[in-house]
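Reader: I am new to this structure and would like to know how its features get their names. Could you take me through them, setting each value against its definition?

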Amino acid sequence: MKRAKPSGLSVFSRDGIYVVAYQVEPGRWVQHRIGAHPSQQAAEKYARTWLAEQRATGGAPDGTKTIGELLTRWLALRGGNKRLATSTVRGNEDHIETHLRPRFGETRLGALTVPMLRDFVRELRDKVKPSTVRNVMATFSAFFEDARAEGWTPATSNVVRDPGVRRELPAVTPGAVVWVPREVVQALVMSRAVPAQRRVRYVLAFTSGARDGELAGLTWADLELDSATPGMRFDKAFALRADRHAYAAISRTKTPQSVRTTPLHPAAVAALRWWRDVAWEVHV
């Protein structure tokens, strides 16, 4: 006797992983990966049980929420997380508004598939540099992980991290190192057309490699000019968007690993001593 197929539900295998497709309204179906199973019959039995449980608890992706709606909810979640740097959240916003929302805003989360993501990565590769492609997909992956953790989707795996998607990501090669000739640096810091305070800052920048925000956040308390080994301590930075409310203020370093103490170049020591002992009274 031929076994009847479950009504409003279809189960099929894709690369050894079973997928359940179920009807959420007339003419519209949603797909969900349900993992590996020993047989088609076992997969269908699991799918029926899974779908019944998800619908009973309201957890099944029934098509009521689009990725665009959930991305907005996710950004609010990220914005309230004080452990995240503002620059990280701003980067997420840029990736979402520039790339993700235009492409997937109207897509139901449960309908997101590996082939869709592979096509998206290939499209990005033709438009932006490799590091941007990887950063956009990292944002999408973090969104999907939180969507699972928050119960916005019953997915048991992160489709954005699927090996098939990751194989499409471009490799990032180190960029070329740009060297500024010494005579150019000397001409800049000695030019009378450059304000004195900028000349001191340029000396620090060229001899330390510190970020501009780190240099802008330095105070005299961070400097050891008269010790046996002069140095400076970086444990904060000046940020244009320091937190969720202020536009510009002293904030954390870009990463925890950026907190450090570095030695000062003799030219930087001389410039800072001049700034402290002579120019401070004149200019500040």
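Author: Gladly. Three strands, in the order β4-β5-β8, make up an open sheet with antiparallel pairing. The edge strands are β4 and β8, since each of them pairs on one side only. This is a predicted model, where local features need pLDDT of at least 70 and side-chain atom pairs count only at pLDDT 80 or more, while totals for chains, interfaces and linings use all residues. Residues are numbered from 1 along each chain as its sequence is written, and side-chain values use heavy atoms, with hydrogens and water left out.

Reader: What makes β4 and β5 a pair?

Author: Two strands pair if DSSP finds at least two bridges between them, and strands themselves are DSSP runs (E, at least two residues), just as helices are runs of H or I with at least four residues, both numbered from the N terminus. β4 and β5 run antiparallel and are joined by two bridges, so the pair meets the definition. E224 stands opposite G231 in β5, and the two strands form a hairpin with six residues between them.

Reader: How do you know that β5 pairs with β8?

Author: Four bridges join β5 to strand β8 (residues 260-263), and the two run antiparallel. In β8, T262 is the bridge partner of M232, and R260 is that of F234. In general, strands of a sheet pair through backbone hydrogen bonds, either parallel or antiparallel.

Reader: Let us turn to charges. Why is the contact between R103 and E123 called a salt bridge?

Author: The term asks for a side-chain nitrogen of Lys or Arg within 4 Å of a carboxyl oxygen of Asp or Glu. For R103 and E123 the closest N and O atoms are 3.2 Å apart, so the contact counts as a salt bridge. R103 lies in helix α3 (residues 86-104) and E123 in helix α4 (residues 114-125), so the pair ties together parts that are 20 residues apart in sequence. A search of the whole structure finds 16 salt bridges.

Reader: What about the salt bridge of E168 and R125: is each residue buried or partly exposed?

Author: Their side chains meet at 2.8 Å, N to O. The pair links distant parts of the chain, with E168 in the loop between α6 (163-166) and α7 (182-190) and R125 in helix α4, 43 residues apart. E168 is buried, because its relative accessible area is 13%, whereas R125, at 34%, is partly exposed.

Reader: Which residue forms a salt bridge with D222?

Author: That is K236, with the closest N and O atoms 2.6 Å apart. D222 is in the loop between α9 (212-216) and β4 (223-224), and K236 is in the loop between β5 (231-234) and β6 (237-239), 14 residues apart. Both D222 and K236 are buried. Elsewhere, salt bridges that share partners join R118, D119, R122, R125 and E168 into one network.

Reader: Which residues of α2 are buried, and why are they said to line one face?

Author: The buried residues are I67, G68, L70, L71, W74, L75 and R78. Seen down the axis of α2, they fall within an arc of 155 degrees, so they line one face of the helix; the arc is that of the directions from the helix axis to the C-beta atoms. An α-helix has 3.6 residues a turn, so residues three or four places apart point the same way.

Reader: What makes L71 buried and A76 exposed?

Author: L71 has 0% relative accessibility and therefore counts as buried. A76, which is also placed in helix α2, has a relative accessible area of 57%, so A76 is exposed.

How values were computed: Buried < 20%, exposed > 50% of the residue type's maximum accessible area, 1.4 Å probe, protein only.
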